[in-house]
Amino acid sequence: MAIEKRLEFEIEHKFDAKNSRHFLNGFCTVLHCHHFATLYTQLADDAKDFHGERLLKEASEDTFFHVLSEYFCANNITAVDDIVSISEQYWKAVGMGLIRFTAVGPFAAAAEMEYSHVDEGWLKKWGSREEPVNFITSGFVAAVASLCNGKPPRAYQVREIQSLVRGDAVSAFKAVLR
């Protein structure tokens, strides 16, 4: 019987009481609140003239790319399976939900979430809707696809092809190389 060893995401959490700031592995971090996340997702969705959805996706991609690449560099993590595993653990640790990458290749990647804090918050606040709302997750998936393939941010375009807020069983994402 083969035994598989999985890398564990290591968290060093510090709280700066004077400034009321949380730090995870040296990065100032806002621990997730689905009520807040749904509000700024709605704000981005409403900002059509300013391309709010795109801006939120890109801000998410840039942030997660930077934080995860620093972690991978500091911990000598280079194998794609390890990058994927640590990324999935990180997503859960910061309170965004449970994501699972179902495929990662040089030209495309796929991920899905059976549970998402943004979807949960959206459904509680506003109910279902036809358009997906996981702009933040789309940026995260793009960042992980880029990191797995040694590409810079904006190398992958991500679409949410299934959505919990639409009533689908999962929120599913497909990333394709631009």
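**Helix contacts and an aromatic pair**

Modeller: Tyr40, Thr41 and Ala44 of α1 meet Gly52, Glu53 and Leu56 of α2. Contact means heavy atoms within 4.5 Å. Helices (H or I, at least four residues) and strands (E, at least two) are DSSP runs, numbered from the N terminus. This is a predicted model, in which local features need pLDDT of at least 70, side-chain atom pairs count only at pLDDT 80 or more, and totals for chains, interfaces and linings use all residues. Residues are numbered from 1 along each chain as its sequence is written, and side-chain values use heavy atoms, without hydrogens and water.

Biologist: Why are α1 and α2 called oblique to each other?

Modeller: The axes of helix α1 (residues 34-46) and α2 come within 6 Å and cross at roughly 135°. Axes are lines fitted to C-alpha atoms, for helices over the stretch in contact, and angles run from 0 to 180 degrees between N-to-C directions. Angles under 35 degrees count as roughly parallel, over 145 as roughly antiparallel, 65 to 115 as roughly perpendicular and the rest as oblique. The angle of roughly 135° belongs to the rest, and α1 and α2 are therefore oblique.

Biologist: What makes α2 oblique to α3?

Modeller: The axes of helix α2 (residues 52-74) and helix α3 (residues 80-93) cross at roughly 125° and come within 11 Å. That angle makes α2 oblique to α3.

Biologist: Which residues of α2 and α3 make the contact?

Modeller: Phe64, Val67, Leu68, Tyr71 and Phe72 of α2 do so, with Ile83, Ile86, Ser87, Tyr90 and Trp91 of α3. By class there are 9 nonpolar residues, 1 polar and no charged ones.

Biologist: At what angle do the axes of α2 and α5 cross?

Modeller: They cross at roughly 40° and come within 7 Å, which makes α2 oblique to α5. This crossing is right-handed. Among the residues in the contact are Phe64 and Phe72 of α2 and Phe140 of α5, and the residues divide into 12 nonpolar, 5 polar and 3 charged.

Biologist: How many aromatic pairs does a search of the whole structure find?

Modeller: The search finds 9.

Biologist: Why is the pair of Phe101 and Phe140 called tilted?

Modeller: Rings of Phe, Tyr and Trp (its six-membered ring) pair if their centres lie within 6.5 Å; planes under 30 degrees apart count as stacked, over 60 as edge-to-face and the rest as tilted. The centres of Phe101 and Phe140 are 6.3 Å apart and their planes stand at 50°, so the pair is tilted. Phe101 lies in strand β4 (residues 97-104) and Phe140 in helix α5 (residues 135-148), 39 residues apart.

Biologist: Is Phe140 buried or exposed?

Modeller: Buried means under 20% relative accessible area, exposed over 50%, and partly exposed in between (1.4 Å probe, protein chains only). Phe140, at 0%, is therefore buried. Phe101, at 9%, also counts as buried.

Notes:
Ala, Val, Leu, Ile, Met, Phe, Trp, Tyr, Cys and Pro count as nonpolar, Asp, Glu, Lys and Arg as charged, and the others, Gly among them, as polar. A crossing is left-handed if the near helix is turned anticlockwise from the far one by less than a right angle, and right-handed if clockwise.
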